[in-house]
Amino acid sequence: MGVSSVLQAASGIQTAIASAARATGVDFSYLLGQAKLESGLNAGAHAGTSSASGLYQFVDQSWLSVVKKHGAEHGLGWAADAIGQGANGHLSVSDGATRSAILALRNDPGTASLMAAEYASDNKGVLEASLGRAATGTDLYMAHFMGPGGARQFLSTMATHPDASGAALFPAAARANRNVFFASDGSARSLSDIYSRFADKLGSAANGTLPTGTSIEAALADGSTVLSGAGESADDAVAWAQSTIGQLRTAAGNAGSLLRPTPDTARLAYMMLAQMSSR
């Protein structure tokens, strides 16, 4: 793939994430950081050790669950209706071709971004009800990585036994993700170590840039049209966004900014979406 094709693909993915952020109210920086951490912004990524696939690396059951719950809200009623649930809670699709089509949606940036945002919103409620505190961005990422049940167990155990071995508590997850649960020398990482590493990586991904020429700053300052407010010039709108980015990046690590963000975070995502759609 040539440089122009890479940049075009990255721009399309950024547009999809911005659109999902605007549609759901989930913070753009969080969704961007999660996508970079999960797949490196590769919508066609596939895991070699599990069924995880797509921009946000949803495994089969997690994907079927979020599509079943939220698909109809986003024009996927056909998919939601086709997903059934057995007595044991296992989700399935009776028709093989339909199942393949639903799972393939994980590789569509627009659909994947919307479902990731809805999943984060759902997990926020579950975690906060269980933990009795506000959920951080890292908490939400843990819920995406391990499922809400696994995240609840991880976080509640870490609160009382931070030095406990993550691999001992989650052997199946450790087998599929050795680099997460074990250090390079083969020693098992503690729960607090695993959590801290995820926090660092998620923060770095959210604060970093996209491939060359597609940083957040470049997306807003390359001379393309942006959507300004009443009586505000495009130049003034870009200047406001430039001055606000640093504040938003700091807020990306703040638990309160991740879901139902401030007017500033919502406005920035909307401006980015309008700017990218004009290309």
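Is Lys124 buried, exposed or partly exposed? Lys124 is partly exposed, at 22% relative accessibility; buried means under 20% relative accessible area, exposed over 50%, and partly exposed in between (1.4 Å probe, protein chains only). The model is predicted, so local features need pLDDT of at least 70 and side-chain atom pairs count only at pLDDT 80 or more, while totals for chains, interfaces and linings use all residues. Residues are numbered from 1 along each chain as its sequence is written, and side-chain values use heavy atoms, without hydrogens and water.

**Salt bridges**

- There are five salt bridges, each a side-chain nitrogen of Lys or Arg within 4 Å of a carboxyl oxygen of Asp or Glu.
- Lys124 pairs with Glu128 in one of these, at 3.1 Å from N to O.
- Both Lys124 and Glu128 lie in helix α6, four residues apart, about one turn of the helix; helices are DSSP runs (H or I, at least four residues), numbered from the N terminus.
- Glu128 is also partly exposed, with a relative accessible area of 23%.
- Asp122 and Lys69 form another salt bridge, their closest N and O atoms being 3.5 Å apart.
- Asp122 lies in α6 and Lys69 in helix α3 (residues 60–70), so this pair ties together parts 53 residues apart in sequence.
- Lys69 is exposed, at 54% relative accessible area.

**Asp139 and Arg133**

- The side chains of Asp139 and Arg133 meet in a salt bridge of 2.7 Å, N to O.
- Asp139 is buried, at 0% relative accessibility, whereas Arg133 is partly exposed, at 35%.

**Network**

- Asp60, Arg99 and Arg106 are linked in a network of salt bridges.

Definitions and conventions
Helices (H or I, at least four residues) and strands (E, at least two) are DSSP runs, numbered from the N terminus.
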